[in-house]
Amino acid sequence: MPRIGHATASPSLALIKYWGKLSAKKNLPATSSLALTLSGLETVTTARFAPSDSVTVNGAAQDMQRYAAFLDGLKHELGVTEGVAVDSANNFPTAAGLASSSSGFAAFAGALSALAGRDTPPEELSRLARIGSGSATRSVYGGFTVFEAGSEAARPLRDEGFWPDIRVLLCAVSEAKKPVSSRVAMELSRTTSPYYGEWLRSSEALYREAISVLETRDLPKLGPLIRASYLRMFSTMFTSAPPVIYWLPESLALVKLCEELRTQGVSVWETMDAGPQVKLFCLGRDLETVREAVEKRVPSCRTFSASPGGPLCAWATENDQ
Ligand code: PMV
């Protein structure tokens, strides 16, 4: 009976962003990030031995060049010499800035480890997932996670039960594939933005403050730090050559909507990643108010709500169950 490796993982959404690499080859982050793993959004991946390597995402065959370095490194570390067929499916939009690469590469590493018959510890899976994507290191763990500048793996900070009332409303304003990958955009920021050095310096201070404020679970105190982090990150993109502008008019409409909601007493704090989508942190009691306001302001927007999610799960079966 052929063995199948399975894994599920959820996306990791950064409150304090990782943006820029210390080493492009080793994919080491230049800034420390603090993130939340999101429940309700999931990548489900299976890996099987096959005559040659292949990867599909939501049924579509992928360009193997994109995966070659990651897959070769992973196979080497896990002692896999055979070809593998890896099939992955997301229950949310892929490659459009909803962090599908975080859950995708984490689940990939988990499924291959299960296929290889390994019981790889999470810190090792986090290190392996890093080769695919920096944010994937964090998706190995549930709850609040950190991935520190220069480190090879993320670590869990607080589990998914730490702040049960925190919610994220993901607002997909466009489901088109993003025009520039985060890998390329990060390198442009690092090599061409005059503000990159200041970004590195100031984001370390934001990170330290956010870690300490998180302990209080006080969203009105944490929110301004979340906001400062993504806006500073985007400042390096807007000022790179050529500039990288992921934002769409609908993205800005939601940024302005959050400002308005805050003046009305709703504690809602937006963030964005390498794409036009806007993600809103709020408390459970405000979620429906925020969702209604978003859908009214940008009717074309698709929303998904999430709460703190659990860690990656990986297992093997001996048949297709
Ligand atoms: O995971 P990567 O290497 O694609 O980088 C993603 C970086 C951001 O999503 C923009 C920020 C973060 O910390 O997740």
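Four strands, in the order β2-β5-β10-β11, make up an open sheet with antiparallel pairing. Strands here are DSSP runs of E with at least two residues, helices are runs of H or I with at least four, and both are numbered from the N terminus; two strands pair if DSSP finds at least two bridges between them. At the edges stand β2 (12-16) and β11 (155-158), each with a single partner strand, so one side of each has no neighbour in the sheet. From one strand to the next, the twist averages 40°, with axes taken as lines fitted to C-alpha atoms (for helices, over the stretch in contact) and angles running from 0 to 180 degrees between N-to-C directions.

The model is a predicted one, so local features need pLDDT of at least 70 and side-chain atom pairs count only at pLDDT 80 or more, while totals for chains, interfaces and linings use all residues. Residues are numbered from 1 along each chain as its sequence is written, and side-chain values use heavy atoms, with hydrogens and water left out.

Back in the sheet, β5 (residues 33-37) and β10 (residues 144-147) pair in the antiparallel sense over four bridges. Within this pair, serine 33 sits opposite phenylalanine 147 of β10. Lying across β2, β5, β10 and β11 is helix α6 (residues 196-214), which runs at about 45° to β5; contact here means heavy atoms within 4.5 Å.

Now for the ligand. It is surrounded by 14 residues, and the closest are Tyr18, Ser133, Ser135, Arg138 and Ser182; a residue counts as near if one of its heavy atoms lies within 4 Å. Sorted by class, this shell holds six nonpolar, five polar and three charged residues (Ala, Val, Leu, Ile, Met, Phe, Trp, Tyr, Cys and Pro count as nonpolar, Asp, Glu, Lys and Arg as charged, and the others, Gly among them, as polar).

In the side chain of serine 135, an N or O atom is 2.5 Å from a ligand oxygen. For glycine 134, a backbone N or O atom lies 3.2 Å from an oxygen of the ligand, and for aspartate 273 a polar side-chain atom lies 3.2 Å from a ligand oxygen. On its own the ligand has 380 Å² of accessible area, and the protein covers 92% of that (Shrake-Rupley method, 1.4 Å probe).

Definitions and conventions: A polar contact is a pair of N or O atoms within 3.5 Å; within protein, one must be able to donate a hydrogen and the other to accept it, and residues adjacent in sequence count only if both atoms are side-chain atoms.
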